[in-house]
Amino acid sequence: MEMFEGLSEPVRKAWERSLTNGRASLSRRRVLGAGLGVAGAGALSACGIPAATNNQGGVKSDDLSDKDKSLVFSNWQLYIDMSDDEKHMPTLEAFEKKTGIKVKYSDDITDNVEFFAKIKPQLAAGQSTGRDLVVLTDWMAARMIRLGWAQPLDPTYLPHAFTNLEQRFRNPDWDPGRAHSYPWQGIATVIAYNEKATKGKKVGSVSQLLDDPDLKGRVALLSEMRDTIGMTLLDMGKQPESFTADDFDAAVARVQKAVDGKQIRQFTGNEYTDGLASGNIAACVAWAGDLVQLQADNPEIKFVIPPAGYIYSTDNMLVPAGSKHRKNAELLIDWYYQPEIAAELSAWVNYITPCTGVYEELLKIDEDVANNPLIIPNAEMKAKAHPFRSLSSKEETAFEDKFAKLIGA
């Protein structure tokens with residue numbers, strides 16, 4: 001396929017898996033409506049930091065924001081707050097009213113790889129993608145930045161974002177200091193189980209998933225390498241942010257032993273939700289956003305933060321090279337780093353908010369949402385969060401090849 005042109009075979013296969021099975025295939029389903037009033041933004045003022053340039057990756061981008069009050073925003077499906085009738089996006093419409101900037105919003109991102117393939121020809125040719133702001137998962141955001149296809153951001157227009165970004169999201173190894181990106185939402189990978197299917201037995205570690213005879217044949221692991229291997233590394237006492245190739249091989253061998261012993265039922269994307277809800281899957285590695293939604297309908301679904309910790313990642317806002325409305329896009333990024341705005345977004349999408357000060361605002365909307373550690377992580381959950389480190393091209397090829405063999409892909 002043309003979209004995978006230039007990729008090594010193991011990485012190509014891994015990306016093909018993600019089209020239907022990966023974290024990118026998560027549906028952003030609504031749990032509750034928003035439709036609340038939005039407070040206006042504070043005045044934007046300079047931060048005393050030199051402005052970024054308008055050139056990135058060899059693509060000249062003359063910013064027309066002051067003359068053209070518009071921008072095009074590409075995001076995932078059902079990943080923004082909606083009114084009860086699903087005809088309005090309250091926080092986005094409030095931004096338009098406050099700033100006079102018209103936003104053309106498109107939910108045309110359904111998969112990182114597919115979307116990248118869509119915009120790659122224009123970026124490679126030094127042309128505009130027709131988009132001014134896009135939301136991509138961290139590993140794909142890293143690729144965009146590495147290729148020089150994401151514009152550096154000007155802190156002058158990001159005072160709320162600069163101030164309110166939670167500390168643990170500030171310095172990813174793929175974008176030090178957040179020079180090119182800001183998180184839209186965070187994603188936590190945890191352990192989940194169906195209390196009825198386990199007959200009341202708590203499942204609290206990856207070791208239990210891999211070894212407990214009571215769970216044999218009823219365990220699911222994720223088909224996303226970074227989640228399954230990252231969680232296994234943690235369980236083995238290794239750090240996903242600094243593991244070696246030998247550590248990776250040991251984690252693969254650990255999971256392979258469970259596969260050979262018929263402990264693992266399947267490796268899945270977010271289709272594990274059906275099996276977990278029905279009890280066909282007793283326990284699994286899972287994504288927090290799914291669990292918030294499942295628990296709303298099924299109180300037997302439980303989650304556990306393993307003693308060893310969990311993997312977290314982010315979906316991130318970037319201004320692609322060639323955008324001619326960077327300032328407008330920066331103002332929109334900053335808009336969502338006001339706690340009252342971030343709270344409305346979080347109440348609807350139910351993922352981890354990267355903005356500080358949201359708890360108090362969420363209490364005004366829904367106490368259950370505000371007190372859910374899968375949305376507002378408590379101190380214990382924050383202390384146990386680990387990112388999966390960036391991989392070199394050589395590592396990515398080697399690791400994906402080994403993982404593909406493990407899961408039979």
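Domain bounds here come from an automatic or database domain assignment. The model is predicted: local features need pLDDT of at least 70, side-chain atom pairs count only at pLDDT 80 or more, and totals for chains, interfaces and linings use all residues. Residues are numbered from 1 along each chain as its sequence is written, and side-chain values use heavy atoms, with hydrogens and water left out.

**Exercise 1.** Describe the largest pocket: its volume, its lining and the domains that the lining draws on.

*Solution.*
1. A pocket is an open set of points on a 1 Å grid over the protein atoms alone, where a 1.4 Å probe fits, with protein on both sides within 12 Å along at least five of seven lines; lining residues have an atom within 4 Å of a point.
2. The volume of the largest pocket is about 520 Å³, a volume being the space filled by probe spheres set on the points, which are joined across faces, edges and corners.
3. Its lining has 27 residues, and Asp173, Trp174, Phe388, Arg389 and Ser390 lie nearest the centre.
4. Helix α4, with 5 residues, gives the most to this lining. Helices (H or I, at least four residues) and strands (E, at least two) are DSSP runs numbered from the N terminus.
5. Domain 2 (47-180 + 319-337) and domain 3 (187-312 + 386-406) each supply at least three lining residues.
6. By class, the lining has 10 nonpolar, 5 polar and 12 charged residues. Ala, Val, Leu, Ile, Met, Phe, Trp, Tyr, Cys and Pro count as nonpolar, Asp, Glu, Lys and Arg as charged, and the others, Gly among them, as polar.

**Exercise 2.** Describe the second largest cavity by volume, lining elements and residue classes.

*Solution.*
1. In a cavity, the probe fits but cannot get out.
2. The second largest cavity holds about 40 Å³ of space.
3. Its lining includes Pro183, Trp184, Tyr336 and Cys355.
4. Strand β6 (181-194) and helix α12 (339-349) each give two or more residues; β6 has the largest share, 3 residues.
5. The lining divides into 9 nonpolar, 2 polar and no charged residues.

**Exercise 3.** How do the axes of helices α7 and α8 cross?

*Solution.*
1. Axes are lines fitted to C-alpha atoms, for helices over the stretch in contact, and angles run from 0 to 180 degrees between N-to-C directions.
2. The axes of α7 (residues 225-235) and α8 (residues 245-260) come within 9 Å and cross at roughly 95°.
3. Therefore α7 is roughly perpendicular to α8 (angles of 65 to 115 degrees).
4. The contact (heavy atoms within 4.5 Å) involves residues including Ile229 and Leu233 of α7 and Phe248 and Val252 of α8.

Terms used. Angles under 35 degrees count as roughly parallel, over 145 as roughly antiparallel, 65 to 115 as roughly perpendicular and the rest as oblique.
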